[in-house]
Amino acid sequence: MKKFLLPVTILILMTTVAACKHEGGNAIAGHSGSSGEFAADLDARLARLPKTAIDYDRALLDDNQKEVVAKLVEASRHINDIFLLQVSESNPALFADLEARAADSPDAAKGLELVRVMAGKWDRLAGQEPFVAPLGAGGTKPAGAGFYPSDLTREEFEAWLEEHPEDKEAFQGLFTVIRRDGDKLVAVPYSEAYKEHLEPAAAKLREAAELTKNASLKDYLEKRADAFMSDDYYDSDIAWMDLDSGLEVVIGPYEVYEDGLFGYKAAFEAYVCVVDKGESDRLSIYKDHLLNMEKNLPMPDEHKNLERGGESPIKVVQEIFTAGDGRRGVQTAAFNLPNDERVREAKGSKKVLLKNVMQAKFDSTGKPIAERVLATSQTELINFDAFFNQVPFHELTHGIGPGIIEGPDGNKVETRLLLKELYSVIEECKADTVGVWSVYYAMDNDLISDFSREQLQATYVGLLYRSMRFGIDAAHGRGAAIQWNWYRENNAIVATDDGRFEVDMEKLKEAVKSLSEELLMIEALGDYERGKALADKYGVQNDEIKGVIESLSDLPTDITPVFVGAGETM
Ligand code: ZN
């Protein structure tokens, strides 16, 4: 649930995995180095995510902390292996094949570079289009990635649960994969499915726990190592909320974006970061106003959640190393974790802003896009502070609004489950839109004074195309399309004669309010049909949008990080 717009092996256990392996085998059997093995435009695809050095301020860490970091980086590499399996069980064979041929074949070398960036053979910036044979429809990525049998349909899954209601909890759980066992469907816990990688990852976490002199970090790492073996992440999530260390470490299964079938399954990721204490202290004042922001939501009071846990720390950090779902395709600029609603009710959630990455994104793809999209009279309003401050509000907004609601049967249920595969889109769109609504609140209450409302709105609108370029298959990209189309329909964004767009400052504020209300009510009611109607009408790229995206095609879409501080080289 986390990522701002600029902002995700096995041991195959059962018979069905054979089906997955077979599929992978077919794909690789087609490889011969001849033309047609790869999409013809690998260079162009790589150019959309240029390698960019990401480094951190070494003075922030002492020698002991640097030793701990080295262990955490090693653990993270195992996490990356798990994520690759979660994307596709054919990944290990694909990577091995390309690695074996890269030295002799420039095409294989480029293909390898791109499968590393995309964590698989599907282009995350082009609607998950395959760029390794089989190309086209024959190589379509299964919606359920590697979490489900590749031929499993939504209907079959739901029919199984109709007949086997006792399986519901395990099947919908965040930490299981679904496999076929003969005619049956079974849920396999991550601790079993990914044991080969989780055991060494846990060992590295324990070594890091031995080394660290920080008690809260030691506690978190030990509990997280235990969780890898037990699939029970609750205690370690609580320990992570209590983490008070110069290092910020996220390692485990979190986000559900990769599961395009239902959004039930959590993907493994790792972030190893150093805390920027000065910046963190400056932004921490926002979190004291969460309850007021909840009260200020444009929705009826009866749906407001005034009982949430109060702890919602904000940390500004510099990335040292990332892996898995935290590194594929478009890079995360910020996140808000944990996702476990029980932990959120008890402790709130922690927002982590990845400042060195945000800076790189703004410089390379944020400002240049906004400068082309906005009316020339408004380009001078594009402002880094307006951009940077939207991010904590996007993240804070993930922590307010409806979470656990009363379902159709009168029982408490997470709105996430009712909104199914639409949840990620609706929640990300809500975080953007209601986030801006909350920045208005902060400005009106003098919490922020370093930019104007005009700067905020121009920067916000101008940078929507950053996300829309990611395509509507990505939750953030589709959420941005919903915003753009809603604002266009309400004349809050008006086309100019020279093909640019002018923000109507007053109408935009009204449109932010009306869209916020729609999104919040979809979540408050868990109304799948209403969410689908919104996404179907507005979460689309019409000809106008496609034309603008086309005109930006020479600009990079995002960056590919090269973690200099973890020993990577350009
Ligand atoms: Zn988000």
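Biologist: What is the relative accessibility of Asp226?
Modeller: Asp226 comes out at 43%, which counts as partly exposed. The cut-offs are under 20% relative accessible area for buried, over 50% for exposed and partly exposed in between, using a 1.4 Å probe and protein chains only. This is a predicted model, in which local features need pLDDT of at least 70 and side-chain atom pairs count only at pLDDT 80 or more, while totals for chains, interfaces and linings use all residues. Residues are numbered from 1 along each chain as its sequence is written, and side-chain values use heavy atoms, with hydrogens and water left out.

Biologist: Which side chain does Asp226 meet in a salt bridge?
Modeller: That of Arg206, at 2.7 Å from N to O. The pair links distant parts of the chain, with Asp226 in helix 10 (residues 215–230) and Arg206 in helix 9 (residues 195–211), 20 residues apart. Arg206 is also partly exposed, at 37% relative accessibility. A salt bridge here is a side-chain nitrogen of Lys or Arg within 4 Å of a carboxyl oxygen of Asp or Glu. Helices (H or I, at least four residues) and strands (E, at least two) are DSSP runs numbered from the N terminus.

Biologist: And what does Lys218 form a salt bridge with?
Modeller: With Glu210, where the closest N and O atoms are 4.0 Å apart. Lys218 is partly exposed at 30%, whereas Glu210 is exposed at 62%.

Biologist: How many salt bridges in the whole structure?
Modeller: The search finds 45. One of them pairs Arg101 with Asp97, at 2.9 Å from N to O. Those two are separated by about one helical turn, because they sit four residues apart in helix 4 (residues 91–101).

Biologist: Different topic. Which residues are the protein donors of the zinc ion?
Modeller: His394 (NE2), His398 (NE2) and Glu428 (OE), lying 2.1 Å from the zinc ion. In sequence the spacing is H-x3-H-x29-E. His394 belongs to helix 16 (residues 384–398) and Glu428 to helix 18 (residues 423–444), 34 residues apart. Donors are N, O and S atoms within 2.8 Å of the metal (3.2 Å for Na, K and Ca), and sites may look incomplete because water is not among the atoms.

Biologist: His394 and Glu428, buried or exposed?
Modeller: Both are buried.

Biologist: On to the largest nonpolar core. Which residues touch the most other members?
Modeller: Tyr220 and Phe228, out of 100 residues. Helix 3 (residues 63–87) gives the largest share, 11 residues. Such a core is a set of buried Ala, Val, Leu, Ile, Met, Phe, Trp, Tyr and Cys residues joined through side-chain atoms within 4.5 Å. Another core, of 82 residues, lies apart from it, with Val434 and Met521 among its members.

Biologist: What does Tyr220 touch?
Modeller: Leaving out residues up to four places away in sequence, its contacts include Trp240, Leu243 and Tyr254. Contact means heavy atoms within 4.5 Å.

Biologist: Last one: how many residues of strand 10 are buried?
Modeller: Five of its five residues (350–354). Lys350, Val352 and Leu354 are on one side, with Lys351 and Leu353 on the other.

Biologist: How many bridges join strand 8 to strand 10?
Modeller: Four, and the strands run parallel, with Ile314 partnered by Lys351. Strand 9 (residues 334–337) pairs with strand 10 in the antiparallel sense, also over four bridges, and Phe335 stands opposite Val352. Pairing requires that DSSP finds at least two bridges between two strands.
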